[in-house]
Amino acid sequence: MKALGLLIVLAGCFGGGDAQFPRVCTSDGALDSKECCPIPPGFTEPCGGPGRGHCADTPDPSVEDPAWKNINAYKVDDRRHWPTVFFNRTCECEGNFSGYDCTRCVWGHRGPNCETKQRPAVRRNIRNISTEEKDKFQHYFDRAKNTTSDFVFALEFKENIRGSEDFVNVSVYDFFVAVHYYASRETMPPYSTGICGEEDDCFLDLAHRGAGFPTWHRAYLLEVERALQEVNGDPDWTMPYWDWGAAEKHQCDICTNEYVGANDKDGNLDPGSVFASWRTICEHLPPFYNATHRNHTRPCDVTNATGRLKRNPGHVDTAAYGESLTRLPLPTEVDFALRFPLYDTPPYDSISNCSFRNLLEGYADTTTGKYRGEITYANGTRVPEAFTLHNHVHIYMNGTMSDVSTAPNDPAFFLHHCNVDRLLETWIRRHG
């Protein structure tokens, strides 16, 4: 059940799907008061005032899992009671208003007073869109990469934050790279601190390896999509998807400068790609077991852009991953997963059998529907662990996309996950 607490990091903050911290709420005074109820530009009252929003006690969306009751490591994780660990009074928006200051609209509405119902938008296959739309995709992402976000990111965990100096600016795009890292990676205390009873207790991924994997990423994609719409002043734009199950010759048919950038044999992007100049964050992180402070590792430093995008699709270590990882998932594998009527099965994690969610996420074998870890037979023959569908694509891309903490640095990540989301929607419509 631990994965069902997923939305405490993404959708539980300020009633508008935002995580981390609005810049206006990271002054020393706001941090000390634990109140984030800003007065929006053009208004005179916090949260906009009557008819728009008001300041109220923040509900705690956390669900207590009995399995974590006696795990001390979980108790010191900032994400456990998000955002009340930082703010216990925030804006409660009225009507169709939303956001940390009630200046946004709830999903499905738009207009200055959020009174206009929005028609459903449609994501399209990137291989079928026009040249103009492909250029728009590239430039919309690039503008987000080079536009400062209204949100800042913390360089420390709660108990080590000294004040406003521990919050830093980040671009709109890199903010979402950091959010994915924050939800997924090494924010728990190292085993060496003695807080964890067992080493496995030191790890808690709220976005993967559990029942919430497809739904967390659906909320995440919607937030990224809306942020790109806002940055580029185009509220009707949608992110395209990459149908890797139908890719030409089962290879990366979007790995060209026309789409996400071509690469050389060493994995470097072609200088002609708009993404070749991008720098990556949350890369080269210090080893998890090296505690920076007594109770925590230090979060990813989003100000430290340490590398560039790398991608060398299909050139993986076949001894480690098997021959199948030299090509993309097959249409037959996608169809196999969509046949399973049960969304998930106990124990609701990476070893679940006959689970659509685990097949989609990619820990279940697409020939049996069952989890398959690494197998070594008595004669020494080794069968690598099965990585299928979603996981298969990440590993196949062989670069920035292949590590959880760095994957969203690559714009191909979002085309990939829009397709994962399309398969979720296909399953929902087929099985109800």
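This is a predicted model: local features need pLDDT of at least 70, side-chain atom pairs count only at pLDDT 80 or more; totals for chains, interfaces and linings use all residues.
## Strand pairing around β9

Two strands count as paired if DSSP finds at least two bridges between them.

F21 has V152 of β9 as its bridge partner. Strand β9 is largely enclosed by the rest of the structure, because five of its seven residues are buried.

## The chain as a whole

The secondary structure comprises ten helices and 14 strands. The chain has 432 residues, and 54% of them count as buried. Among contacts with a separation of 6 or more, 69% are between residues 24 or more positions apart. The accessible surface is about 19,000 Å². Carbon and sulfur atoms contribute 50% of that surface.

## Salt bridges across the sequence

The chain has 27 salt bridges. One of them joins the side chains of D57 and R89, with 2.9 Å from N to O. D57 belongs to strand β3 (residues 53–57) and R89 to strand β4 (residues 89–93), so the bridge ties together parts 32 residues apart in sequence. D57 is exposed, at 56% relative accessibility. R89 is partly exposed, at 28%.

D234 and K136 form another salt bridge, their closest N and O atoms lying 3.6 Å apart. This pair links distant parts of the chain, 98 residues apart. D234 sits in the loop between α5 (213–232) and β11 (279–280), while K136 is in helix α3 (residues 131–145). How accessible is D234? D234 is buried, because its relative accessibility of 15% falls under the 20% cut-off. K136 is partly exposed, at 29%.

## A salt-bridge network

D421 forms a salt bridge with R218. The closest N and O atoms are 2.7 Å apart. Here the link runs from helix α10 (residues 412–431), which holds D421, to helix α5, which holds R218. The two residues are 203 residues apart. D421 is buried, at 11% relative accessibility, whereas R218 is partly exposed, at 24%.

Both residues belong to a single network. Salt bridges with shared partners connect R123, R218, E225, D421, E425 and R429.

## Backbone exceptions

Most peptide bonds are trans, and most residues other than glycine have a negative phi. Which bonds and residues depart from this pattern here? A cis peptide bond joins W82 and P83, with omega about -5°. P83 lies in the loop between α2 (72–75) and β4. The bond from P346 to P347 is also cis, with omega near 5°. P347 is placed in the loop between α7 (331–338) and α8 (356–361).

Positive phi values occur at K249 and L389, neither of them a glycine. For K249, phi is about 55°. K249 is in the loop between α5 and β11, the loop that also holds D234. K249 is exposed, with a relative accessible area of 78%. For L389, phi is near 40°. L389 is in helix α9 (residues 389–397). L389 is buried, with a relative accessible area of 1%.

Definitions and conventions. Residues are numbered from 1 along each chain as its sequence is written. Side-chain values use heavy atoms; hydrogens and water are left out. A salt bridge is a side-chain nitrogen of Lys or Arg within 4 Å of a carboxyl oxygen of Asp or Glu. Helices (H or I, at least four residues) and strands (E, at least two) are DSSP runs, numbered from the N terminus. Buried means under 20% relative accessible area, exposed over 50%, partly exposed in between (1.4 Å probe, protein chains only). Contact means heavy atoms within 4.5 Å. Accessible areas come from the Shrake-Rupley method with a 1.4 Å probe; for residues, only the protein chains shown count as cover.
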